Amino acid sequence: NLWEKAVFLCIILSVEKENKIMENKQITERLFTLRRAMREEGIHYYMITSADCHGSEYVHDHFRARAYFSGFTGSNGTLLVGEQEAALWTDGRYFLQAEEQLAGTGIALMRMQEKGVPTVEEYLEEKLRTGEVLGFDGNCVSAKQGEKLEQICRKKQAEIRCERDLPDIAWPDRPALPCGKVWELSEEYAGESCQDKLREVRSVLEKEGVDCLFLSGLDDIMWLF
């Protein structure tokens, strides 16, 4: 009858949810390994961004440490791991996905730009204690965010350690850095030659009275060359 079917469905959903949470033991074990590395390095909070060294949103597997340690696979997110707690920030595109993928991990979901939800910086300003250490891979954090974090640590009399890429220690079999060949697309695909593009850019530099242009975004570099 209908009642029996409803009860059966509830049991099935309950088992599926339990299995999903059981699967997240993998994530809690990964966080345990990361926290052990943090203790060995004297780091109290460790931040993992989604970016590579060029600030890209869509990255090579080597740079997917945030996904590896959280289980959240969206393209945008920041994971902050403390000695006792962990939190992940992501934007509105991924709220439902993150809620499902973080289930059972012990990682709190921080819905970015929602009322009452602190930013990473605000969260750290509240949590950091005098003498504690914030760590992250400085190659994957923008100068702008790094300056904000530096100001917070100075205010809280805490320390920054940005030279240690802890996932290298805590992530066995981490994919190696990409080392593929670089090639030039012909004008058939690029639309115009690299020389023509350089002339256009230099013409604008001259008009603007600028001596140099610094490019770090991979898409900008690839377009120009």
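**Figure 1. Four aromatic pairs are found in this predicted model.** Let us begin with the rings. A pair of aromatic rings is described by the distance of the centres and the angle of the planes. Take tyrosine 68 and phenylalanine 69: their ring centres lie 4.8 Å apart and their planes meet at 90°, so this pair is edge-to-face. Each of these two residues, tyrosine 68 and phenylalanine 69, is buried.

**Figure 2. Phenylalanine 72 and tyrosine 94 make an edge-to-face pair.** Here the distance is 5.7 Å centre to centre, with 75° between the planes. Phenylalanine 72 sits in the loop between α3 and β2, while tyrosine 94 belongs to the loop between β3 and α4 (95-101), so the pair ties together parts that are 22 residues apart in sequence. Both phenylalanine 72 and tyrosine 94 are buried.

**Figure 3. A charged side chain lies over a ring: arginine 111 and phenylalanine 95.** In this view, find the ring of phenylalanine 95; arginine 111 lies over its face, at 5.9 Å from the ring centre.

**Figure 4. Helix α2 covers residues 25-41.** Its 17 residues reach 24 Å from the first C-alpha to the last, close to the 24 Å expected at 1.5 Å a residue. The buried residues of α2 are Ile27, Leu31, Leu34, Arg35, Ala37 and Met38. Seen down the axis of α2, these buried residues fall within an arc of 160°, so they line one face of the helix. What do they pack against? The partners are β1 (45-48), α3 (65-70), β2 (78-82), β3 (86-90), β4 (107-111) and α7 (167-170). Turned away from the buried side of α2 is a face that carries the exposed residues Glu29, Arg39 and Glu40. After α2 comes glycine 42, whose phi is positive, near 70°.

**Figure 5. Glutamine 157 and aspartate 173 have positive phi values.** Most residues other than glycine have a negative phi. Glutamine 157, which is not a glycine, has a phi near 55°. You will find glutamine 157 in the loop between α6 (143-155) and β6 (159-161). Is glutamine 157 buried or exposed? Glutamine 157 is exposed, with a relative accessible area of 56%. Aspartate 173 is not a glycine either, and its phi is about 60°. Its place is in the loop between α7 and α8 (187-190). Aspartate 173 is exposed too, with a relative accessible area of 75%.

Notes:
Residues numbered from 1 in each chain as written. Predicted model: local features only at pLDDT ≥ 70, side-chain atom pairs only at ≥ 80, totals over all residues. Heavy atoms only, no water. Helix = DSSP H or I, 4+ residues; strand = E, 2+ residues; numbered from the N terminus. Expected span 1.5 Å × (residues − 1). Buried < 20%, exposed > 50% of the residue type's maximum accessible area, 1.4 Å probe, protein only. Arc of directions from axis to C-beta. Contact = heavy atoms within 4.5 Å. Phe/Tyr/Trp six-rings, centres within 6.5 Å; stacked < 30°, edge-to-face > 60°. Lys NZ or Arg CZ within 6 Å of the ring centre and 35° of its normal.
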